[in-house]
Amino acid sequence: MAITDIPMLSMLRTRLQWSQERQRVLAENVANADTPHYRARDLVSPKFETPAPGATGPLTTVPLARTDSGHMPGSGQTGSGFRSERGSNYEVRPSGNSVNLEQEMMKVAANQMDYQSVAALYTRSLSLIKTALGKG
């Protein structure tokens, strides 16, 4: 069994990737704080639910293929595997911008703490596996 097949490590790795992508989205929000008509975005947190009984493997979605560069991309095709969320609960300034720097910085700090805790869990899980194998 490969280490990538261990569900716990796979979930932690997915959460780390989600945190990295969320950091990118939040940084875009902060960078566009003065851009007229820019709407703040955020990512939906990944759900780690157990697969349905009888499922043989991990569930994946089939991506849409663009056969011509003139075709419009499908919804949600931003190059990221995570769903984007545009909230309607953001304040909108007269310029049409909905970025609130205080909220964005709080989200960045919370995201950083989440990333650090998941990275620590991942590191400890790997060291437990090394100990179990007699390598640590």
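Met8, Met11 and Phe48 make a nonpolar surface patch of about 260 Å², a patch being built from residues with over 30% relative accessible area and no salt bridge, with nonpolar side chains joined within 5 Å; a salt bridge is a side-chain nitrogen of Lys or Arg within 4 Å of a carboxyl oxygen of Asp or Glu. Areas come from the Shrake-Rupley method with a 1.4 Å probe. The model is predicted, and local features need pLDDT of at least 70, side-chain atom pairs pLDDT 80 or more, while totals for chains, interfaces and linings use all residues. Residues are numbered from 1 along each chain, and side-chain values use heavy atoms, without hydrogens or water.

Methionine 8 belongs to helix α1, residues 7–31 (helices are DSSP runs of H or I of at least four residues, strands runs of E of at least two).

Leucine 12, leaving aside neighbours within four places in sequence, is in contact (heavy atoms within 4.5 Å) with Val118, Leu121, Tyr122 and Ser125.

Serine 98 lies in the loop between β2 (84–85) and α2, and its side chain reaches the backbone nitrogen of alanine 40 at 2.8 Å.

Buried means under 20% relative accessible area, exposed over 50%, and partly exposed in between.

| Residue | Relative accessible area | Class |
|---|---|---|
| Methionine 8 | 44% | partly exposed |
| Serine 98 | 3% | buried |

Technical notes
Patch = residues over 30% accessible without salt bridge, like charges linked within 9 Å, V, L, I, M, F, W, Y side chains within 5 Å. Buried < 20%, exposed > 50% of the residue type's maximum accessible area, 1.4 Å probe, protein only. Polar contact = N/O pair within 3.5 Å; in protein donor to acceptor, adjacent residues only side chain to side chain.
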